[in-house]
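These notebook entries record what I looked up about the aromatic rings. The structure under study is shown below.

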Amino acid sequence: MGKDKYENEDLIKYGHPEDVWFHVDDLSSAHVYLRQKKGEKLEDITDELLLDCSSLVKANSIAGCKKASVYVVYTRWKNLKKTSSMVDGQVSFHRPQNVKRMEVEKNKTIVNELNRTKKEEYPDLFQQQQDRERELIEEKKAFRKLQLAQEREKEKQRKLRALGTKEEEEKRKQDILDTIEKTKQMNLELSDEEDSSSEGSDVSLGF
């Protein structure tokens, strides 16, 4: 969570693809980020966790904390749009349709529990982002390598099937030729038998 616009600006700049950004809608507030596990979707965030993050941004909004309820928006970090004309901490969205909105009421119990268990750290956000980007590059390489291996295996199987089909066709043709040859041989044998029979049955007539 960013405490002021400068920390918010760093969080905007050095986010991760898995980060989900929370902010009070139409009011100034802290920027709260939830880092999901790889492969998780927005829909995977539990209602309890949504309430925790939303309550936290409400409590850290000068105007929002005084209201009984506010609307909180949340979206993927990569959906945040930052232009040179914007002041520190200000963002818009690449795809507004991908921004989700929920109402949250004041809940001191949740906020007090979060404050009681909070842990303040000051990591090197730039280095963390660089490390994650290198991981993404390696993940993409591994995925592409797997894709190529799968494509090669499919091609191998296709060739084997084609070869098998060709061999079956050749065998079928050979079977036909063998049958024709056997038929010819049988016909020749029958012809020889008929000739032999004719020779043995010759009758001489004398006058």
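I began with charges over rings, where NZ of Lys or CZ of Arg must be within 6 Å of the ring centre and within 35 degrees of the ring normal. R101 lies over the face of Y71, 3.8 Å from the ring centre.

I note that the model is predicted, so local features need pLDDT of at least 70 and side-chain atom pairs count only at pLDDT 80 or more, while totals for chains, interfaces and linings use all residues. Residues are numbered from 1 along each chain as its sequence is written, and side-chain values use heavy atoms, with hydrogens and water left out.

I then searched the whole structure for aromatic pairs and found three. Rings of Phe, Tyr and Trp (its six-membered ring) pair if their centres lie within 6.5 Å; planes under 30 degrees apart count as stacked, over 60 as edge-to-face and the rest as tilted.

One of them joins Y14 and F126: the centres are 5.9 Å apart and the planes stand at 80 degrees, so this pair is edge-to-face. Y14 sits in the loop between α1 (5–13) and β1 (19–24), and F126 belongs to helix α4 (residues 125–200), 112 residues apart. Helices (H or I, at least four residues) and strands (E, at least two) are DSSP runs, numbered from the N terminus.

I looked up exposure as well: buried means under 20% relative accessible area, exposed over 50%, partly exposed in between (1.4 Å probe, protein chains only). Y14 is partly exposed at 21%, and F126 is partly exposed at 43%.
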